[in-house]
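Reader: I would like each label tied to its cut-off. Please take the terms one by one.

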Amino acid sequence: MRTSRILSILLVLAMLLPLAACGPKGGGTIKIGVIAPMTGDVKTFGESTKNGVEMAINEWNAQGGVLGKKLEIVLGDDKNDPAEATAAATKLIKQDGVKFIVGSVSSKCSIPISQLANDNKVLMISGTSTNPKVTVDNGVRKPFAFRACFIDPPQGSAMAKFALETLKVKKVAVFYDNGNDYVKGLAEFFKAAFEKGGGTVTVFEAYAQTDTDFSALITKVMADPPDMLYIPDYYNMVNLIAKQARDAGFQGVLAGGDGWDSSDLDVAVTEGGYFTNHYSPEDTRPVVQDWVKAYKAKYGSTPDALATLAYDAANLLLNAIKTANSTDTDKVREALQATKGFQTVSGEINFDENGNPTNKDIVVLQISGGAQKYVATVKPE
């Protein structure tokens, strides 16, 4: 009798186990890798990026996570160095078992990360890397690489258009870091658009990331002073170049790209300057104001574009996991690629065939009174 009862119980359990396996997903965690420059020459970018992803992760976890699983951040520091970025990505993928990565910030780091991620079918999305090579290699799409930001061609063109049409600039000098894909690309796209629009580039000169003395380049500029000096680099280099240019007597407009967006930008020497960016905290849309309020409450400061785009990138990724109803990276990649009309702080996201958001507006900000002020929105062409 007892044996018969035990057999009956075992039979019922055997019938229930397959049903349990088909039930709702739940339990455990999903690791989200975050690669950013937490130390090094642009560490404010890394801190902002980490904060933005944390905000998104905390919001999703407060609502039960994704697929019933809690989200866990695994942080990697690339120090704004491509070799360090490769090492950080290798550790996340090979040792930590991460299948999803948000990052990195600079294109020169995201390009090797995207190749490594693609080779291992790990899905990555950068919030802020704008160079086209992040998602495309020699014309070939890297299917597991995406971004939340606009890319460099429209950004360079937007500043050229603003300079020509709004500032009425006719002559420009351009300095760029020849070893940085982001800086070099932005300089080239700006130059092409500015000259196409009828402007003249009087000086187009390269420097190295390790340079600290720019007097030779500035001497060339001052031989025939242009209306504008375009410096599409990160804030740390902009601080050096702008100060030396002003000290040498340059009176024209200073301008640059989204790499200027840092609390460590020297606002005294860049006062009056303009730069292109991804959003403005002055935007009155409710999604922007809610984000700014929440970020200020947690971190005590206004979110920059780095934090905002990291938040957007994380939300895009997590929404794709939810939509795919799976952590299989092939399925999540398909869901992310198919994303249409997704509302983020920096604008509506629709991905093109190369994993780039299409037709995102570009904001022009000015350093005025030591602070960033919204000036204009330029539609991409």
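Reader: What makes the approach of the Ser126 side chain to the backbone nitrogen of Ser129 a polar contact?

Author: The side chain of Ser126 reaches that nitrogen at 2.9 Å. A polar contact is a pair of N or O atoms within 3.5 Å; within protein, one must be able to donate a hydrogen and the other to accept it, and residues adjacent in sequence count only if both atoms are side-chain atoms. At 2.9 Å the pair falls within the limit of 3.5 Å, so the term applies. This is a predicted model, in which local features need pLDDT of at least 70 and side-chain atom pairs count only at pLDDT 80 or more, while totals for chains, interfaces and linings use all residues. Residues are numbered from 1 along each chain as its sequence is written, and side-chain values use heavy atoms, with hydrogens and water left out.

Reader: Why is Ser126 called buried?

Author: Its relative accessibility is 0%. Buried means under 20% relative accessible area, exposed over 50%, and partly exposed in between (1.4 Å probe, protein chains only), so Ser126 is buried. Ser126 sits in strand β4 (residues 123-126); strands (E, at least two residues) and helices (H or I, at least four) are DSSP runs, numbered from the N terminus.

Reader: Which residues does Ser126 touch, leaving out those up to four places away in sequence?

Author: They are Gly103, Ser104, Ser110, Phe146, Arg147, Ala148 and Ala313. Contact means heavy atoms within 4.5 Å. Two of these residues, Gly103 and Ser104, are joined by a cis peptide bond, with omega at about -5°. Ser104 belongs to the loop between β3 (100-103) and α4 (107-119).

Reader: Why is Asn356 called buried when it is found in a loop?

Author: Asn356 is in the loop between β14 (347-349) and β15 (362-368). The Asn356 side chain makes a polar contact with the side chain of Arg147 at 2.6 Å. Beyond four places in sequence, the contacts of Asn356 include Thr135, Ile151 and Phe351.

Reader: Where is Asn359, and is it buried or exposed?

Author: Asn359 is also placed in the loop between β14 and β15. It is exposed: the relative accessible area is 65%, over the 50% limit. Its phi is positive, about 55°, although Asn359 is not a glycine. Most residues other than glycine have a negative phi, and most peptide bonds are trans.

Reader: What makes Lys79 partly exposed?

Author: The relative accessibility of Lys79 is 38%, which lies between 20% and 50%. Lys79 has a positive phi near 55° and lies in the loop between β2 (70-77) and α3 (82-95).

Reader: How do you know that the span of α9 is close to the expected one?

Author: Helix α9 (residues 286-299) has 14 residues and reaches 20 Å from its first C-alpha to its last. The expected span is 1.5 Å times one less than the number of residues, here 20 Å. Gly300 follows α9 and has a positive phi, near 75°.

Reader: Why are the buried residues of α9 said to be on the same side?

Author: Val288, Trp291, Val292 and Tyr295 are buried in α9. They cover an arc of only 100° around the axis, so they share one side; the arc is that of the directions from the helix axis to the C-beta atoms. On the other side, Pro286, Asp290, Lys293 and Ala297 are exposed. The buried residues of α9 pack against α2 (43-62) and α10 (305-324).

Reader: What makes one space a pocket and another a cavity?

Author: On a 1 Å grid over the protein atoms alone, a cavity is a set of points where a 1.4 Å probe fits but cannot get out, whereas a pocket is an open set with protein on both sides within 12 Å along at least five of seven lines; lining residues have an atom within 4 Å of a point. The largest pocket has a volume of about 430 Å³. It is lined by 18 residues, and Ser263, Ser301, Thr302, Pro303 and Asp304 are the closest to its centre. The elements giving two or more residues to this lining are α2 and α9.

Reader: How many cavities are there by this rule?

Author: There are 4 cavities of 30 Å³ or more. A volume is the space filled by probe spheres set on the grid points, which are joined across faces, edges and corners. The largest cavity has about 120 Å³, and α10 gives the most to its lining, with 3 residues.
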